[in-house]
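Work through the exercises below with the sequence and the model in view. Each task is followed by a solution in steps.

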Amino acid sequence: MSTALKVSAFAAALVAVFAVAWAIGSAVGPLDEEPPPPAPTSEHHGHHPGGTP
């Protein structure tokens, strides 16, 4: 078996693995469909110059 044939076979197998992985990923879809809720914040957070803390 020549080196060129071995490299070509490896490249073809690699392309096939990525194609199957892409197809499965497309079929399954995203795992998180809704974004996480935003972290609660306070309106009176931080330093306010010239006012009371």
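**Exercises on a predicted model**

Ile24 lies in helix H1. The model is a predicted one.

**Exercise 1.** Decide whether Ile24 is buried or exposed.

Solution. Take the relative accessible area of Ile24, which is 52%. The cut-off for exposed is over 50%. Ile24 is therefore exposed. Next, look at its surroundings: Ile24 forms a nonpolar surface patch with Val20, Val28 and Leu31. Together these residues have about 440 Å² of accessible area.

**Exercise 2.** Check the span of helix H1 against its number of residues.

Solution. Helix H1 covers residues 3-28, which is 26 residues. The expected span is 1.5 Å times one less than that number, giving 38 Å. The end C-alpha atoms are 38 Å apart, so the two values agree. Just after H1, Gly29 has a positive phi of about 85°.

**Exercise 3.** State what share of the protein chain is buried.

Solution. The protein chain has 53 residues, and buried residues make up 0% of them. Its secondary structure consists of one helix and zero strands. The chain exposes about 5300 Å², of which carbon and sulfur atoms supply 69%.

Methods
Residues numbered from 1 in each chain as written. Predicted model: local features only at pLDDT ≥ 70, side-chain atom pairs only at ≥ 80, totals over all residues. Heavy atoms only, no water. Helix = DSSP H or I, 4+ residues; strand = E, 2+ residues; numbered from the N terminus. Patch = residues over 30% accessible without salt bridge, like charges linked within 9 Å, V, L, I, M, F, W, Y side chains within 5 Å. Areas by Shrake-Rupley, 256 points an atom, 1.4 Å probe, with all protein chains shown as cover. Salt bridge = Lys/Arg side-chain N within 4 Å of Asp/Glu carboxyl O. Buried < 20%, exposed > 50% of the residue type's maximum accessible area, 1.4 Å probe, protein only.
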